[in-house]
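Here are some notes to read alongside the structure. Please keep the sequence open while going through the points.

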Amino acid sequence: MTARVDVVPRHRLVERLNGRFTHRVTTVIAEAGFGKTTTLALAVESNRLDPIGRDAWLRVGSADRVPERFIGSLAKALDVEAGAFDERTVDRLVDSMWSAAPDDIALIVDDAHELVGSEATKVLEELLGRFPTNAHLVLVGRRPLDLPLARLRAHGEVLSIDDRDLALDDDELDALRQLRGSETVDVSLPRHAATADLRLAAGTDASSEFLWEEVLARYPSDRLAHLRRIAVLDVVDDELVDVMTDGAFDTSSLLDRTPLVDRSDDGTARLHDILREALVKRLEPGERRKALAIAADAERHRFRLPRAVELYREAGDNIGALETARQFALIPTMLQTYESVLAVRRTVAQIDPDSTVHRILDATTHLAGLEGQVAEMFLRAADAAVADHDDDLEILALYRAAQSQLLHHDHGYYATFERLRPLVERNRFAAGVHAYLSSISHQFRGEAAEGLAVLDGLDQLERPMELVARAERLYDLGRPERVAVGMTIDDFVALPQGADAFIGLAMWRRGDASPDDALLAVESSVQRSLRQGFTHPSVSTLGSAALIALAAGENELARRFAEHAHDLTRSGVGVIVAEMATIARAAVAAVTDGDDAAAGILAAATEPTAFSEDATAFPSRAQLGSMTMVYVCDPSTRAMLDGVDVGPTLRTAIAAGQAIVALRDLDDATGAAALPWHQPNALRANVLPPHLAELAAAATSLGNTAARELLDALPHRHRLLQRVATGPSRIAARAAVDLLGAMPRIEPFTLEVRMLGPLQIVRNGERVDTGQIAKRPKIRELLGLLLERGRMDRRDIVAQLWPDHDDDDRALGNLRTALSTLNDVLEPNRAKGASAFHLLVEGDAIALDERVTDDVSAFERLTTDAQRDDRSGLPARALDAYMEAASLYRGEYLAGLDAPWLVLPRLRLQSLAVGTMCRISELVAARGEPETAARWAGDARAIDPLNQRAGRLFVAALDAMGARSAAVTAIVDLLDVLTADGIEPEPATERLAQRLLAPSAGQR
């Protein structure tokens, strides 16, 4: 919400409204014209300049009385992905506010009176009941909502502001006079803000009547006529004003010096109700309807179809509303959103709930998670269209029904397909849809060539639908090379929203982009798809994103994408949609846990189907995304994939699978060497990194330099080669060993080193007695240094351990002794003369084996995971990871040692530990557990007494527990500690101190 730039500053109210961040609920209730919204906007702007919390502003309208619409509006205000209204949606809203902790977040619901008596109030009631402690509700309106606030009022948790508070005081009236340039101090002004402003413009007797007679009526007749016309809208912009005034005015010139207008930075202007009343009441009913119709036409021309439908309805033009709703229904689903479908469906229901358009829109809303009911609903809509003699809507309904039946492997698909045939001769849309479905039928029978041949019929569709349908069909028929040929990444970015999905996938599969570039593009697609609110495209996009992330080496991100896709399928989706999530999960498992894990996921998800005798004659869309993995991990697909008719890109993916099988079963590397290694992006797009490393190692053994170059470019190359070296392909394993430079060795036991706190060594899960090195700090330092730095040269180690040693030979002798002692500690039972396993000495290079684990790496990995979940709005999952990380921090890094090289990592890990504990304190405090929050904040402060964040959290937790005197003592102690060290308190610390010490100022 943008504040007006020409309003009276209302400092007393802004300061009072700062209490919205300390009260559970704030109500601002008064009739129109008291300046409720403007005052809130001033408070929000003040908070933006000097933040004490975060504001999320939602201005509701009558459309939000419907719970589904209201929940979507709330999601948008809180920047949360929307979808069907269910328990998980409310969970996401609560999580988004919880994630903001410790920052307070105020959800401002403006014009809340619009919700009075509606089911939407139950959404607010549920949300309020589940608010974290850092979340606050601000209700702004003309009448109070019926919410159970008695208990909160009794506990002082409700801040109430009414018309008496909002009335202008003497200083504000004087400021208003100055702002409006009025020199008439003796003019009696009411304390009602809008009327006072009006009287300064029009005189002491001003009202909406006087506004018309003394201000507006003096405008030139043409300007006045246009003002009356635009007053049918509450918000206008230049484009609307241009259309509604036949180009005579823009927003600025038309509303110049007109009172009671809010102007925003985005170029829109909002007319106050008093101004609209004065203008609209003098607009003849016919003229009003005409103005609304002009606005509706303009919005329809701008393709803002949902808004146009509403305006046609207001204009009394039900025919125009239904025609526009029909136009909206006919656009591809990917160009719609769940929220927009709900809005149009609601308006159409008011006009004709039995209409075909309403039936189609009603069915479409079920694509947000109730897809099992969709086919039957669309078929009923098709029947209604037949009765209406509306071929296009019948075709659309049949098309959507067939798509749903395909997703569910429903036998009814064939009957739906046949039902289209009679329409083909007389309707282009039917011809295009028939070509699309005919292509699918050929695909299911394994007739790729025939499926491609019928695609010429897609040119009967409207251009946006043709673009989407052709790209989808070519992709599904295994021909990514033929999708948008010649298109560049820049062209791709310029595509209409929603039309880029299959074009982008095809470009990725054929190698037009690197994995890193593709990941950047798909991450934005994920957000857009989730916000669209429909389950199928969301699962599909998340599945594709997981595969791209794996190719880029972002395994954890890929896992998150795959899990999210799997979670969405639980709401009930078709077999084909569920398979997309399954393939993504299997691919992640193949990369992180091995092929057996992937095979288990694929086998567990396989469901026999009688959809078609030839249903497995061609790979599914999900299988196309990871053909090599499917070939390797699901042997039942090999016969089909060996003979399938696909283009060169996917033929390469199949060839890669065949080459892996040949390597493992036949020790034959010729297939691996024959792959197109000169096309690295295409190979990385279609072959998972572990499989690609195996193939590249085998090809390298036959002298293929391009394969070696690709191998060197793979993320986590060393780890991948280690896996290949112990894998089932002997040729690839030998090549991997050569590439790694050493034979793989069998680990005699697991070894873990704990360095957060005093050094500990754990062998096979059991603590090792380190008495042998307890009094030899250089041995402990050597072990820590090797874990911190990795592979090191002897002289570099000497420089760190004995920096002041003058005799190099003696220093190197000390190192040899230290290495021998460390080996005895790590492997006390090693046979005499046997090479050490965990401590590697290769000439002057010294390192620990990569299989030696340590708590520092685990600590950093867990905090990274937690922070990623935290940023993604998953506070519960983040809290679990933060707590697991904190449990590893036993104390100062390598406690008991003192060396210059330890200073920076020690500070880094200490800072990370304090930050982790503070975040735990913030999250559990927001969850309503101040005692636990105090403990974690106290732990953080014990590590770093000067950390003001930890100090504030400790003080705030004590205060939340009701221990006010203890909180006062703690804040005084924090200030004293800071003063003693010459550190200035941070603004947040000062604010907390002022709040706590103001009543106790005499005690300090």
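Predicted model: local features only at pLDDT ≥ 70, side-chain atom pairs only at ≥ 80, totals over all residues.

1. Y413, Y414 and F417 are joined into a cluster by ring pairs. Across the structure, the count of aromatic pairs comes to five. One of these is formed by Y413 and F417, which are stacked, with 6.1 Å from centre to centre and 5° between the planes. Y413 and F417 both belong to helix α22, which covers residues 412-424. They are four residues apart there, about one turn of the helix. Both Y413 and F417 are buried.

2. How are the rings of Y475 and F502 placed relative to each other? Their centres are 6.0 Å apart and their planes meet at 55°, so the pair is tilted. Y475 lies in helix α25 (residues 463-476) and F502 in helix α27 (residues 501-509). Y475 counts as buried because its relative accessibility is 4%, under the cut-off of 20%. F502 also counts as buried, because its value is 9%. In general, a pair of aromatic rings is described by the distance of the centres and the angle of the planes.

3. Rings also occur together with charged side chains. The charged end of R223 sits over the ring of Y219, at 4.1 Å from the ring centre. For R473 the ring is that of Y436, and the charged end sits 5.9 Å from its centre.

4. R223 is also part of helix α11, which spans residues 221-230. Is this helix mostly covered or mostly open? Helix α11 is mostly covered, as eight of its ten residues are buried. The buried residues of α11 are R223, L224, A225, H226, L227, R228, R229 and I230.

5. The largest nonpolar core consists of 98 residues. Which residues have the most contacts inside this core? They are L279 and L437. Helix α21 (residues 391-407) gives the most to this core, namely nine residues. Leaving aside neighbours within four places in sequence, L437 is in contact with A402, Y413, F417 and L420. Two of these names, Y413 and F417, are the stacked pair of point 1. There is also a second, separate core of 90 residues, and V522, A693, A707 and A732 are among its members.

6. How many disulfides are there? The count comes to zero. Two cysteines may still be looked up in the structure. C633 counts as buried because its relative accessibility is 6%. C918 counts as buried too, because its relative accessibility is 0%.

7. The last point concerns a sheet. Three strands form an open sheet in the order β12-β14-β13, with antiparallel pairing. The edge strands are β12 (792-793) and β13 (839-842), each of which pairs on one side only. β13 and β14 (residues 845-848) pair in the antiparallel sense over four bridges. Which residue of β14 is the bridge partner of L839? The partner is L848.

Notes:
Residues numbered from 1 in each chain as written. Heavy atoms only, no water. Pairing = 2+ DSSP bridges. Phe/Tyr/Trp six-rings, centres within 6.5 Å; stacked < 30°, edge-to-face > 60°. Buried < 20%, exposed > 50% of the residue type's maximum accessible area, 1.4 Å probe, protein only. Lys NZ or Arg CZ within 6 Å of the ring centre and 35° of its normal. Core = buried A, V, L, I, M, F, W, Y, C linked by side-chain atoms within 4.5 Å. Contact = heavy atoms within 4.5 Å. Disulfide = S-S within 2.5 Å.
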